[in-house]
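Dear colleague,

I am handing over the structure that we spoke about, and I would be glad if you kept it open while you read. My notes on what was found in it follow directly below.

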Amino acid sequence: MEQPDNDKDQRIAALRASIDAIDADILDLLNRRIDIAAEIGEQKRRTGSFIQDKAREETILQTLTTRNAGRLDTTMLRRIFSEIMAASRQVQDIRRIGYLGPEATFTHIAAMEFFGPNDTFIPQISIRDVFEEVEKGTCTYGVVPVENSIEGSVNHTLDLFPESSLNICAEKYLAISEDLMSATGRLDDIRVIYSHPQPFAQCRGWLKKHLPDVELVECNSTSQAAQKALQESDAAAIAGSEAGRLYGLKVVASKIQDFVRNTTRFLIIGKENVLSTGNDKTSIMFVTAHMPGALFKALEPIAESGINMLKLESRPAKYENWSYLFFVDLEGHADDDVVKQTLAKMKPVCQFLKILGAYQMMNP
């Protein structure tokens, strides 16, 4: 027997009243969470701890996903709590993030993924500008590329550390996918392609096979390339999909990079010294004497300590011909006893040694 309309209306009204009561409880709990997050932020500032802890946020999301026994979809659950955590970060610190611009570059995407939608992102013309804005305090943090898994190190970033007082506060890995895009979306229309030198290098094989006679013109960024391609009917750009969406380009071919596992590592730079998390990396820079065996002697304490050396890179020193700066990433935090003792042993055999930062190690 069908329920009378009046009974149905009363049942709906009762259910809606229950939802209103639950919403009120949720609002109270959210405000309690925000208050606690604000206190945590204050404690972090006092101790010099980095405001953002990506590993802890991911652990929270995984724990909630495991505990979820209701109808709430996992994707929606993660989205809701990601927004809650973003709101909590906002009360902990109002952050201005400088990045190598313009909008829609891979650095911009990395910055947005690492921080969040509530932060303010400020594009900079050059990597040097990112460093300078953070040093001046105009920006809270900066995001700069440091190496690509295919093309190697971004030398300009490395060259700025000797003259900077900033620390590496965190790292971010971003999978790079290159698309060929144009205003028309047709391959046969393309006579010229704009892009940054790195995407050209990463897509050599595809270009040689499909567009061997097309003119390649280098730009300062993939976003600039997208803007140029939009203005010319016979032009295209190699850039990320975000740039295509921003500037209204059509995809001619997607994922044209020669190697699928193409990843760029970005550094988050700031003024803070980050406390140990138990899963850390320490980046150092040092100069050796210009004599036989100097590099071996500098690295010998690392080998003897059993510390895993994750990276070794050299760059010419600007102040003296045929002299080199060495950049090393070590597994462990600079405050760990074994790392601290190792660095103490290295200093006497180096002309100069500087800790660039100790920070949480992320998986590529």
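Leaving out residues up to four places away in sequence, Ser88 touches Arg33, Ile34 and Ala37, where contact means heavy atoms within 4.5 Å. The side chain of Ser88 also makes a polar contact with the side chain of Arg33, at 2.6 Å; a polar contact is a pair of N or O atoms within 3.5 Å, of which, within protein, one must be able to donate a hydrogen and the other to accept it, and residues adjacent in sequence count only if both atoms are side-chain atoms. Ser88 is found in helix H3, residues 74-92 (helices, H or I of at least four residues, and strands, E of at least two, are DSSP runs numbered from the N terminus). Because its relative accessible area is 5%, Ser88 is buried (buried means under 20% relative accessible area, exposed over 50%, and partly exposed in between, with a 1.4 Å probe and protein chains only).

Please bear in mind that this is a predicted model, in which local features need pLDDT of at least 70 and side-chain atom pairs count only at pLDDT 80 or more, while totals for chains, interfaces and linings use all residues. Residues are numbered from 1 along each chain as its sequence is written, and side-chain values use heavy atoms, with hydrogens and water left out.

Which residues of helix H12 are buried? In this helix, residues 337-346, they are Val339, Thr342, Leu343 and Met346, and they line one face because, seen down the axis of H12, they fall within an arc of 95° (the arc of the directions from the helix axis to the C-beta atoms). On the other side of H12, Asp337, Gln341 and Lys345 are exposed. The buried residues pack against strand S12 (280-287), helix H11 (294-305), strand S14 (324-331) and strand S15 (352-360). Thr342 counts as buried at 3% relative accessibility, and, not counting residues up to four places away in sequence, Thr342 touches Pro301, Ile302, Ser305 and Ile307.

The largest nonpolar core has 24 residues, of which Ile127, Phe131, Phe161, Leu267 and Phe327 touch the most other members; such a core is a set of buried Ala, Val, Leu, Ile, Met, Phe, Trp, Tyr and Cys residues joined through side-chain atoms within 4.5 Å. Helix H5 gives the most to this core, with four residues.

With best wishes
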